[in-house]
Amino acid sequence: MNQKTIRWYFNCRKWMPKREEFLFVLRCIQKDEQERIMKFVYRNDLKHALIGRLLLRKCINLCLNIPYSSIKLGRSDKGRPILEEIKDCQFDFNISHHGDYCILAADDYAKVGTDVVKLQLSNVKFIPEYFQRMRKIFCQAEWKFIEGDDNNLNYQKQLARFLRLWCLKESFVKAEGVGIGFELSRIKFECDPSLTITESQIITNTNVYVDEELLEDWKFEETLLDQSHCAAVALYPKVKSEQKENSNNPPSFQLLSFDQLLEKIEPFNQVDESLWILYLSKSERM
């Protein structure tokens, strides 16, 4: 596998940091990142954000051979994580978090976007009513896919297809870097209804249309991280002649342990030890 092709995921729910561990990882990120991350109200969100920064730094260090202390992460005007002071680099990366996991996808494509979705909705008791409120986000063909050709799918299967399409749209929007202002209804995904996403399979034959125009150069990878989480990766190649030839053998997501995440990491910052007390004061999001 190309050394610049990475698919990682980390289980944030299972990570229960101890004091020294928490303070150590804070020393491995920028000061502005420390300040932003510690502002999260809920402990879950804080852990997701912190792990996301560590995944980004590990990826950039490995793929671009930049020392940890020299990695300068910023954000685009749309809030997308970017590597500052690096120009014309044919390499892109993106992170996402939802449910139990934080994920990262990186590749030597011009644009990379990724999204992970837990296949259930909190605070939604009546799925048909929820679908009715969300009707405008998907086109008629997408709703046909969600509900089944003869509307013969149960609500749980419909919800899984609904969230699969949502995951695809988010991965595309994040790859384009256009932010939440982009109308998701302009994007139409065409999925093969005969293929069901599994943990052992990566689906790559999904097509995307924007304003009814097929975008032939885009490629999508879809898989399950487990039975409760689906993930999508959106890829836009450099030029047609340089498209990857590994479409028949797409990369799988690799689950990282905490030890693997910290392997070769180099702390470079100071940290106020009172941040541990602040972390303990935060509650878990239910």
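What follows is a chat about a predicted model of a protein.

Visitor: Hi! How many helices and strands are there in the protein?
Guide: Hello! This is a predicted model, and the protein in it has eight helices and 12 strands.

Visitor: And how far does the C-alpha trace span along its principal axes?
Guide: The C-alpha trace spans about 60 × 50 × 35 Å along those axes.

Visitor: What radius of gyration would a compact globule with 286 residues have, and what does the protein have?
Guide: A compact globule with 286 residues would have a radius of gyration near 19 Å, and the protein has 19 Å, so the two agree.

Visitor: What share of the residues is buried?
Guide: Buried residues make up 51% of the 286.

Visitor: What about contacts along the chain? How much comes from residues 24 or more positions apart?
Guide: Counting contacts with a separation of 6 or more, 65% of them are between residues 24 or more positions apart.

Visitor: Let's go inside. Which residues touch the most other members of the largest nonpolar core?
Guide: Those are F22, I51, L54 and L104, in a core of 44 residues. At least two core residues come from each of β1 (6-11), α1 (19-26), α3 (43-64), β4 (92-98), β5 (101-107), α7 and α8 (274-281).

Visitor: Which of those gives the most?
Guide: That would be α3, with 11 residues in this core.

Visitor: What does the second, separate core include?
Guide: The second core has 35 residues, and F138, C167, A175 and I187 are included in it.

Visitor: Now helix α5. Which of its residues are buried?
Guide: Helix α5 covers residues 140-147, and its buried residues are E142, W143, F145, I146 and E147. They pack against α4 (127-133), α6 (155-176) and β7 (187-190).

Visitor: And what follows α5?
Guide: G148 does, with a positive phi near 90 degrees.

Visitor: I've spotted R80 in the sequence. Is R80 buried or exposed?
Guide: R80 counts as buried because its relative accessibility is 12%, which is under the 20% cut-off. R80 is found in the loop between β2 (73-75) and β3 (81-83). Beyond four places in sequence, its contacts include D92, F93, K174 and A175.

Visitor: Where do E212 and K264 lie?
Guide: E212 lies in the loop between β8 (207-210) and β9 (213-214), while K264 lies in the loop between α7 and α8.

Visitor: Are they buried or exposed?
Guide: E212 is exposed, with a relative accessible area of 58%. K264 is exposed too, at 68%.

Visitor: N269 lies in the loop between α7 and α8 as well. Is N269 buried or exposed?
Guide: N269 is buried, with a relative accessible area of 15%.

Visitor: What does N269 touch?
Guide: Not counting residues up to four places away in sequence, N269 touches R27, I29, Q30, K31 and Q34. N269 and I29 are 240 residues apart along the chain, and their C-alpha atoms are separated by 7.1 Å.

Visitor: Last one: what about Q260? Which helix does Q260 lie in?
Guide: Q260 lies in helix α7, residues 258-262. At 31% relative accessibility, Q260 counts as partly exposed. Leaving aside neighbours within four places in sequence, Q260 is in contact with K58, Q254 and L255. K58 is 202 residues from Q260 along the chain, and their C-alpha atoms are separated by 9.8 Å.

Terms used:
Residues numbered from 1 in each chain as written. Predicted model: local features only at pLDDT ≥ 70, side-chain atom pairs only at ≥ 80, totals over all residues. Heavy atoms only, no water. Helix = DSSP H or I, 4+ residues; strand = E, 2+ residues; numbered from the N terminus. Rg over C-alpha atoms; globule rule 2.2 N^0.38 Å. Buried < 20%, exposed > 50% of the residue type's maximum accessible area, 1.4 Å probe, protein only. Contact = heavy atoms within 4.5 Å. Core = buried A, V, L, I, M, F, W, Y, C linked by side-chain atoms within 4.5 Å.
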